[in-house]
Each structure stands twice: as C-alpha cells, then as structure tokens.
Amino acid sequence: MGRTFDVVALGELLIDFTSCGLSSQGNPLLEANPGGAPCNVLAMLRKLGRSCAFLGKVGADSFGDQLEAAIVEAGIDPRGLRRDPEIPTTLAVVHTKPDGDRSFSFYRKPGADVRLAPEDLDEALIRDSRIFHFGSLSLTDEPVRSATHRALALAREAGAMITYDPNLRPPLWPSAAAAKAQIEWGMAQCDAVKISDNEVEFLTGTPDFDAGAAILKEKFPNLRLICLTAGPGGSYAYYGGVKVWRDGCRLGGTIETTGAGDTFCACMLDFLLSRGLDGLTGAALGDMLRFANAAAYLVTTKKGALRVMPTRAQVEEILAKM
C-alpha cells in the first residue's frame with residue numbers, strides 16, 4: 001500500500017545565527033537563518049521532489065513564526081510542528097573558521113525543541129512514511145527523548161525504513177559518556193546511517209575509517225548501510241563486504257560548511273527511496289556518493305542551509321564540471 005510521505009523526520013528546528021561581517025560601529029552582524037539538521041534534510045529532499053513531514057517543537061515567539069513559515073515555504077508538511085507557550089525557540093550561533101568549518105554556541109537550557117513530548121506526536125504522520133529519520137539531538141533531554149523512543153517504535157511497527165544522523169554536538173551533552181551512550185542507542189535503532197569522520201572516531205576510538213566502520217558493523221549488526229563523510233576528503237559507503245569512495249568536490253568558493261552533512265544525508269535518503277537496501281552495487285553507491293558530494297559542496301558556497309538547498313539540475317550542472 002502506498003504511503004503519503006517519503007520521509008518523516010523528528011528533531012530540532014532552530015535559528016542559526018551566521019556571521020555577516022561588521023556594522024559601521026565594528027560590532028558583529030548576525031543573520032537569523034532557519035536551520036536544524038532534520039529540517040535541513042527535509043528541505044533538500046523537497047528540492048529532489050520527495051514528500052516530507054516534520055515532527056518537532058518551536059516557541060510561541062517571533063522566531064517560531066519565522067521557522068514555521070520557512071518549512072511551509074520549503075514544502076514540508078507542518079502538521080507535526082508544535083508551539084511551546086512557555087519556552088522560547090532554540091537558538092545557535094555559528095562560529096565560522098578560516099577554512100569554512102564551524103563551531104556552535106547553543107541557547108537551549110532548555111529550548112522549545114527539547115519540550116516535544118510523546119503526547120505531542122502526530123502518530124498518523126509516522127505511520128504514513130516510507131522512511132523515518134532522526135538525529136541524536138532529540139536524545140539529549142526529556143521529554144523529547146521519550147518522544148523519539150515512541151516515534152521510533154511506531155515507525156518500526158509500521159514497517160518504515162529507519163535512518164539516523166549522530167550529529168555530535170558536545171556542548172549539548174552533560175558529558176562525553178552520556179553523549180556516547182545515547183548516540184549508540186540511536187545507532188542500534190537504524191537501518192542506515194550518515195556519519196562524519198569525527199563521529200566515527202568518537203564512537204570507535206580510531207581515526208582509521210575502515211577500522212571504524214568495521215567496529216560499527218560488528219557492534220550494530222542492524223546497520224545495512226554506513227555512509228561516512230570526510231569533508232573535502234570525500235565520502236565512503238560501506239555495504240555488506242563492499243567499500244566505495246568518491247572524492248569531494250574541489251571547485252573552490254566555500255564560505256561555510258553549515259548544512260553540508262544534512263544535504264549529503266538527504267541525497268542518501270533520496271537514493272534509498274529509489275533503490276531500497278537490497279542488492280546495492282558498488283557502482284550505484286559510487287553514483288550516490290558523487291551526487292551527494294556535489295550537492296553538499298553547493299551548500300558550502302552559500303550562507304545558511306534550509307533555504308539554500310540546490311535543485312537536482314543544479315547538482316547535475318556541478319557534476320558535469322567534476
């Protein structure tokens with residue numbers, strides 16, 4: 001039986017304040033960009049023609065208004081979005097480094113996203129999705145952790161594919177041990193994961209990608225596909241006994257890397273919607289990695305993420321130059 005939504009995602013929807021230079025008085029100027037990894041993923045999937053819905057919570061404030069308008073504009077179904085009358089929308093300040101990489105300062109003690117409770121869930125949306133996607137930031141606190149557990153149980157019961165992005169953000173955890181325990185819980189729930197190089201090392205203790213992937217596959221036998229991103233060093237796919245690598249896009253012009261991993265993740269999900277998880281070949285995985293690398297590169301050439309995702313035609317134009 002067909003389902004209404006290709007992907008339903010649960011998690012944080014927040015404001016990313018990104019640097020826009022200095023004022024005439026020499027003060028830093030910050031642009032309030034809509035963001036949050038799960039909705040960034042959905043925004044890219046919409047550009048690829050997929051139907052999507054979001055589950056999360058923002059404040060009953062002007063930032064919440066901006067975020068709700070942004071996901072509606074992106075074509076993401078907002079029925080699962082809740083508004084908190086007491087706790088404000090979560091905010092993040094993005095600190096960009098000279099190489100375009102970044103770090104974050106969060107205003108989330110608490111933020112509205114952590115107040116999503118099990119009773120807030122639109123369960124019909126979850127049951128009506130082909131893929132259910134989540135990240136680790138909905139596992140940092142209660143009640144959103146319990147909401148995530150409930151949503152995953154419903155998705156699994158409904159036969160959806162489960163995908164996951166560990167999305168390690170150390171400042172949001174009380175300790176590295178707590179982060180590792182919850183991130184590993186998430187790893188144990190999913191069929192496919194998009195994971196970055198630093199997250200593999202965090203979970204496995206080794207900077208060697210092949211060794212780290214082998215450790216993850218042994219510890220989490222539920223993992224059928226591991227996609228590992230290494231920034232400009234390209235990306236890897238581990239599937240069964242197959243390993244595939246494709247170089248990153250090196251055309252220059254990177255401004256900042258916010259949203260690059262989310263864009264890559266969306267391309268992985270788009271591929272899985274078309275191909276499923278059975279009988280994947282090295283050639284097919286290589287094509288997926290190449291497309292995802294190019295899409296991620298395009299996002300690094302612009303500020304923000306959710307509102308600047310590329311179209312399929314724009315990605316293909318970049319691929320022709322690689």
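Because the model is predicted, local features need pLDDT of at least 70 and side-chain atom pairs count only at pLDDT 80 or more, whereas totals for chains, interfaces and linings use all residues. Residues are numbered from 1 along each chain as its sequence is written, and side-chain values use heavy atoms, with hydrogens and water left out.

The largest nonpolar core comprises 61 residues, and those with the most contacts inside it are Leu13, Leu225, Leu272 and Leu285. Such a core is a set of buried Ala, Val, Leu, Ile, Met, Phe, Trp, Tyr and Cys residues joined through side-chain atoms within 4.5 Å; buried means under 20% relative accessible area, exposed over 50%, and partly exposed in between (1.4 Å probe, protein chains only). Helix α9 (residues 282-300) contributes the largest share of this core, 12 residues. Helices (H or I, at least four residues) and strands (E, at least two) are DSSP runs numbered from the N terminus. Neighbours within four places in sequence aside, Leu285 is in contact (heavy atoms within 4.5 Å) with Leu225, Ala237, Tyr239, Val244, Phe271 and Leu280. Apart from this core lies another, of 40 residues, among them Tyr164, Cys190, Val193 and Ala213.

Tyr164 also belongs to an aromatic cluster with Phe132 and Phe134. The structure holds 5 aromatic pairs. One of them is the stacked pair of Phe132 and Phe134, with 6.4 Å centre to centre and 25° between the planes. Rings of Phe, Tyr and Trp (its six-membered ring) pair if their centres lie within 6.5 Å; planes under 30 degrees apart count as stacked, over 60 as edge-to-face and the rest as tilted. Both Phe132 and Phe134 are buried.

Thr148 counts as buried because its relative accessible area is 0%. Beyond its neighbours within four places in sequence, Thr148 is in contact with Leu10, Phe134, Ser138 and Leu139. The side chains of Thr148 and Ser138 make a polar contact at 3.0 Å (a pair of N or O atoms within 3.5 Å; within protein, one must be able to donate a hydrogen and the other to accept it, and residues adjacent in sequence count only if both atoms are side-chain atoms).

Phe134 also lines the largest cavity, together with Glu12, Ala37, Pro38, Val41, His133, Gly135, Asp165, Asn167 and Asp262. Both α1 (37-47) and β8 (129-135) supply at least two residues each to this lining.

Notes. 1 Å grid on protein atoms, 1.4 Å probe; cavity = no way out; pocket = protein on both sides within 12 Å on 5 of 7 lines; lining within 4 Å.
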